Amino acid sequence: MSLLSEKFLKELIPLENLDDESLGTALVFGANVLMNKDNSNKLSELIEIDPNDENELVRRMVNLLTFLAKFKLSEKEFRSIIDNTKFSESKKKIIFEVLQNNQDEMRKNLQKLAGDEKFQASET
């Protein structure tokens, strides 16, 4: 049984269609979004995508990274989750590298955001 639903796997298709370099750039951009770091460029300026598709692609990347960053994954555990996607081996490696390089900071920011949401909900 996969942790990734069929709906989630379908959401990954546009990411699977990016070339390796574009995927790496896009994932770093997505990680920066999660870490609340300044992204001075738009993603469509960094990789060749239609500017109209940019927000949707960023949303999908952030969803993937958010899901994966919730776990403190070894490579074996990461593989068990991501292996049923259609990502090539080189793309799986890129995703894992970006995740490993940014996981602690992404997790910290996600926990902070979750805490903020709980605080805001308790105020109402």
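Visitor: How much accessible surface does the protein have, and what share belongs to carbon and sulfur atoms?

Guide: The accessible surface is about 7,800 Å². Carbon and sulfur atoms hold 49% of that surface. The areas come from the Shrake-Rupley method with a 1.4 Å probe; for residues, only the protein chains shown count as cover. This is a predicted model: local features need pLDDT of at least 70, side-chain atom pairs count only at pLDDT 80 or more, and totals for chains, interfaces and linings use all residues. Residues are numbered from 1 along each chain as its sequence is written, and side-chain values use heavy atoms, with hydrogens and water left out.

Visitor: What makes methionine 106 count as buried?

Guide: Buried means under 20% relative accessible area, exposed over 50%, partly exposed in between (1.4 Å probe, protein chains only). Methionine 106 has 0% relative accessibility, so it counts as buried. Across the protein, buried residues make up 44% of the 124 residues.

Visitor: Which residues does methionine 106 touch, not counting residues up to four places away in sequence?

Guide: Contact means heavy atoms within 4.5 Å. By that test, methionine 106 touches Ala31, Leu34, Met35, Leu65, Ala69 and Leu99. Methionine 106 itself lies in helix α7. Helices are DSSP runs of H or I with at least four residues, strands are E runs of at least two, and both are numbered from the N terminus.

Visitor: How many helices and strands are there?

Guide: The protein has seven helices and zero strands.

Visitor: Why is the protein called as compact as a globular protein of its length?

Guide: The radius of gyration is taken over C-alpha atoms, and the globule rule is 2.2 Å times the number of residues to the power 0.38. For 124 residues the rule gives 14 Å; the protein has 15 Å, which is close, so it is as compact as a globular protein of that length.

Visitor: What makes a set of residues a nonpolar core?

Guide: The members must be buried Ala, Val, Leu, Ile, Met, Phe, Trp, Tyr or Cys, joined through side-chain atoms within 4.5 Å. The largest such core here has 37 residues, and Leu15, Leu43, Leu64 and Leu68 touch the most other members. Elements giving two or more residues are α1 (6–11), α3 (20–34), α5 (54–69), α6 (75–82) and α7 (89–123). The largest share, nine residues, comes from α5.

Visitor: Which residues are in contact with leucine 64, leaving aside its neighbours within four places in sequence?

Guide: Leucine 64 is in contact with Phe8, Leu12, Leu15, Ile82, Phe87 and Ile95.
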